[in-house]
Amino acid sequence: MTALLHASVASPPRLQVTEVSLAPGERIALIGPNGSGKTTLLKALAGIEGQATDLRLDGERLSDIPPARRAALLAFLPASREVRWPIPVRDVIALGLNRPDPERVDELLDRLSLTELAERPIDLLSTGERARALLGRALASRPKILLLDEPLSNLDPAWVLRTLDLLDEVTHEGSAVVLALHDLSLLGRFDRVLMLDGGRLVADMPPAALLASPLFGDAFGVEPDGAGWTLRP
Ligand SMILES: Nc1ncnc2c1ncn2[C@@H]1O[C@H](COP(=O)(O)OP(=O)(O)OP(=O)(O)O)[C@@H](O)[C@H]1O
């Protein structure tokens with residue numbers, strides 16, 4: 001089966017050479033301590049920053065794919081929720097589309113409970129509402145590859161679960177999702193975990209295997225204690 005994304009990327013000294021392959025339908029958590037290189041890796045996989053060797057999306061070289069089609073194949077959601085422009089929420093979501101599709105925008109407004117806020121400028125939304133609107137933009141074109149940098153930060157517990165359900169639907173339709181996160185209690189919702197430490201990929205395995213591995217405590221300096229985590233002495 002052709003990988004949806006395959007690349008060897010690097011961004012020295014922040015990210016050592018890292019080979020990544022994403023298969024259709026995979027739900028992948030990207031974890032690691034602060035500063036370990038998660039954002040750097042996502043940007044490198046999106047072709048925004050760093051160096052990529054033979055970055056292929058759905059079998060095609062990134063450089064051979066025209067920008068409009070590239071946007072429909074891959075979406076990158078930055079961690080920042082800052083938006084300075086007073087663009088209505090409806091138009092922000094529409095920015096994720098190659099051509100006008102008001103029905104798709106309405107569908108996302110509904111799924112993200114943003115219909116009542118559709119005409120409000122995005123800079124006047126709460127942080128969590130803005131996070132939902134920006135996720136809507138990333139999902140708009142039904143990209144095959146979603147690289148999401150901390151999309152669950154700023155969301156209340158119900159919206160964390162609704163967002164994970166929404167992403168499950170996206171992966172059931174065959175897309176691959178890579179999601180950077182800090183809430184390690186959510187790892188069970190993923191098929192695979194990539195763990196970075198000091199700019200190196202130190203683990204690529206299912207969540208249960210990682211949590212049982214000493215690699216986890218070595219990277220984070222914490223240990224699972226049943227109810228949560230405790231600091232290693
Ligand atoms: N533009 C930059 N120039 C130089 N160093 C940078 C730049 N951006 C980030 N860094 C550094 O690169 C390292 C990796 O940063 P990155 O943002 O990828 O980490 P992260 O794992 O996403 O962290 P966090 O969990 O805190 O969001 C950090 O030490 C950071 O200070």
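A residue is buried if 20 or more other C-beta atoms lie within 10 Å of its own, exposed if 12 or fewer, and partly exposed in between, with C-beta atoms placed from the backbone. Keep that handy for the exercises. The model here is predicted, so local features need pLDDT of at least 70 and side-chain atom pairs count only at pLDDT 80 or more, while totals for chains, interfaces and linings use all residues. Numbering starts from 1 along each chain as its sequence is written.

**Exercise 1. Classify asparagine 154 and arginine 142, and describe their backbones.**

Start with the counts. Asparagine 154 has 16 other C-beta atoms within 10 Å, so it is partly exposed. Arginine 142 has 15 such neighbours inside 10 Å, so it is partly exposed as well.

Next, locate them, taking helices (H or I, at least four residues) and strands (E, at least two) as DSSP runs numbered from the N terminus. Arginine 142 is in the loop between helix H5 (127–139) and strand E7 (145–149). Asparagine 154 sits in the loop between E7 and helix H6 (157–172).

Finally, check phi. Asparagine 154 has a positive value near 75 degrees despite not being a glycine, and arginine 142, also not a glycine, has a positive phi of about 50 degrees.

**Exercise 2. Is helix H1 enclosed or open to the outside?**

Count first: six of the eight residues of H1 (residues 38–45) are buried, so the helix is largely enclosed by the rest of the structure. Now name them: Lys38, Thr40, Leu41, Leu42, Ala44 and Leu45. After H1 comes glycine 47, with a positive phi near 75 degrees.

**Exercise 3. List the shell around the ligand and sort it by class.**

Use the cut-off for being near a molecule: a C-beta atom, placed from the backbone, within 6 Å of it. That gives Arg14, Gly32, Asn34, Gly35, Ser36, Gly37, Lys38, Thr39 and Thr40. Then sort, with Ala, Val, Leu, Ile, Met, Phe, Trp, Tyr, Cys and Pro as nonpolar, Asp, Glu, Lys and Arg as charged, and the others, Gly among them, as polar. The tally is no nonpolar, seven polar and two charged residues.

**Exercise 4. Which residues does leucine 77 touch, and where does it sit?**

With 22 other C-beta atoms within 10 Å, leucine 77 is buried. For contacts, ask for C-beta atoms, placed from the backbone, within 7 Å. Skipping residues up to four places away in sequence, leucine 77 touches Leu134, Leu135, Ala138, Leu148, Asp149 and Pro151.

**Exercise 5. Which residues touch the most other members of the largest nonpolar core?**

Such a core is a set of buried Ala, Val, Leu, Ile, Met, Phe, Trp, Tyr and Cys residues joined through C-beta atoms within 7 Å. The largest has 61 residues, and those touching the most other members are Leu5, Leu30, Leu45, Ile93, Ile145, Leu147 and Val178. Zoom in on leucine 5: beyond its neighbours within four places in sequence, it contacts Val20, Leu22, Leu45, Leu57, Ile145 and Ala176. For background, nonpolar side chains tend to be buried together in soluble globular proteins.

Notes
Two residues are in contact if their C-beta atoms, placed from the backbone, lie within 7 Å.
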